[in-house]
Amino acid sequence: MDDPRDEPVLPAPRGPLSRAVTTYLRGAGPLPSEAEVAAAPVYGEDLQLALYLCYELHYRGFADVAPALEWDPDLLRTRAAMEGRFLAALREDAPHHDSVDDALAGILVEPVDGTGVSHFLRDKGELWQLREYAALRSLYHLKEADPHAWVLPRLRGRAKAAMAAVEFDEYGGGRADRVHARLWADLMTDLGLDTTYGRYVDAACAELLVTVNLMSLFGLHRTLRGALVGHFATVEITSSPGSRRLAEAMRRTGAGPAAEHFYDEHVEADAVHEQVVRKDVIGGLLEDEPELAPDVAFGVAATVFTEDRLGDRLLADWGEGRSALRAPLSQAATHVS
């Protein structure tokens, strides 16, 4: 894995929005117009990459981009316009639930005949498909737990203590070699992938960018703290059974011991985390702020909705025997100009 201080290169633009944002970050041109923001498909490649570029300034930034642009007022206004469209679309398109319990009910019970990505990879996935999956998921897993850490100063009491305990595990319990982002980098090494942060952005489809941007959207806004807790709960509840299937996929394909270990670790850890998140994080939050229940339910629904869209894209491509990537793994992240 690269040095934590290393900054990724800017990815190649995918349309007028991301091209204008990229140009602005280089100090070489204006930001996109309101008309361009309004015209771009909300879940499309261009808007989602432009939003990803804005969000990444709050993580590691980019090489040759001034750190002060993180809080540039004009850029923040452009980001807000894109966020407004993204959030409105999610509220319209994600399933609506009457309560948090209703939202969680759909993910607490595993279907008898599952058809998701982890089922496909366990049963018949090939090593090249596991490599693609790892490359795509690296956009989150190389910063695993970071988007959710933003909620900590926005919680109090039981919810804060429980959330901090789960995050402590995600960060390796104080051991650098057990930080989950480090374990993901080891998994990538087993699969022959480059562990540089942001290496595979150019290869990532819009559906993947949507799932990563969702976390940043929720994490960066205090008003969406309930939605972020709902997102985190969904991840923890679905992680253990999905990780078990992916561990089996890694073993079946001979991916390597580190690849197996990452998912084996999540089978056990996230089974415990699920209980803590449901009882103490959600329970504590709603005890303090019961008015946030609709936001928690929305966070669950939006997470399921965006993950299902990604799953449908991957399974459609792999089912036809074609790559789910926008660029071959060997060509991703070569854009520097």
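Contact here means heavy atoms within 4.5 Å. On that basis, threonine 211 in this predicted model touches Arg137, Thr306, Glu307 and Leu310, with residues up to four places away in sequence not counted. Threonine 211 is placed in helix 11, which covers residues 206-219. Its relative accessibility is 3%, under the 20% limit, and threonine 211 therefore counts as buried.

Threonine 306, one of the contacts of threonine 211, is part of helix 14. With a relative accessible area of 1%, threonine 306 is buried as well. Its contacts, again leaving out residues up to four places away in sequence, are Leu90, Val210, Thr211 and Leu214.

The protein chain as a whole contains 14 helices and zero strands. Its order along the sequence is α-α-α-α-α-α-α-α-α-α-α-α-α-α. The radius of gyration is 19 Å, close to the 20 Å given by the globule rule for 337 residues, so the chain is as compact as a globular protein of that length. The C-alpha trace spans about 50 × 50 × 40 Å along its principal axes. Of the 337 residues, 55% are buried. Among contacts with a separation of 6 or more, 81% are between residues 24 or more positions apart. The accessible surface of the chain amounts to about 14,000 Å², and carbon and sulfur atoms hold 53% of this area.

Helix 1, residues 16-25, is mostly covered, with seven of its 10 residues buried. The buried positions are Leu17, Ser18, Ala20, Val21, Thr22, Tyr24 and Leu25. These residues pack against helix 2 (34-39), helix 3 (45-56) and helix 4. Glycine 27, which follows helix 1, has a positive phi near 70°.

Positive phi values also occur at residues other than glycine. Aspartate 64 has a phi of about 65° and is located in the loop between helix 3 and helix 4. Its relative accessible area is 78%, over the 50% limit, so aspartate 64 is classed as exposed. Alanine 145 has a phi near 80° and lies in the loop between helix 7 (127-141) and helix 8 (146-149). Alanine 145 is buried, with a relative accessible area of 1%.

The second largest pocket has a volume of about 190 Å³. Its lining consists of 14 residues, of which His96, His97, Pro294, Ala297 and Phe298 are the closest to the pocket centre. Two or more lining residues are given by each of helix 4 (73-93) and helix 14 (293-319). Helix 14 supplies five residues, the largest share of the lining. In terms of residue class, the lining has nine nonpolar, three polar and two charged residues.

Notes. Residues are numbered from 1 along each chain as its sequence is written. This is a predicted model: local features need pLDDT of at least 70, side-chain atom pairs count only at pLDDT 80 or more; totals for chains, interfaces and linings use all residues. Side-chain values use heavy atoms; hydrogens and water are left out. On a 1 Å grid over the protein atoms alone, a cavity is a set of points where a 1.4 Å probe fits but cannot get out, and a pocket is an open set with protein on both sides within 12 Å along at least five of seven lines; lining residues have an atom within 4 Å of a point. Grid points are joined across faces, edges and corners, and a volume is the space filled by probe spheres set on the points. Helices (H or I, at least four residues) and strands (E, at least two) are DSSP runs, numbered from the N terminus. Ala, Val, Leu, Ile, Met, Phe, Trp, Tyr, Cys and Pro count as nonpolar, Asp, Glu, Lys and Arg as charged, and the others, Gly among them, as polar. The radius of gyration is taken over C-alpha atoms; the globule rule is 2.2 Å times the number of residues to the power 0.38. Buried means under 20% relative accessible area, exposed over 50%, partly exposed in between (1.4 Å probe, protein chains only). Accessible areas come from the Shrake-Rupley method with a 1.4 Å probe; for residues, only the protein chains shown count as cover.
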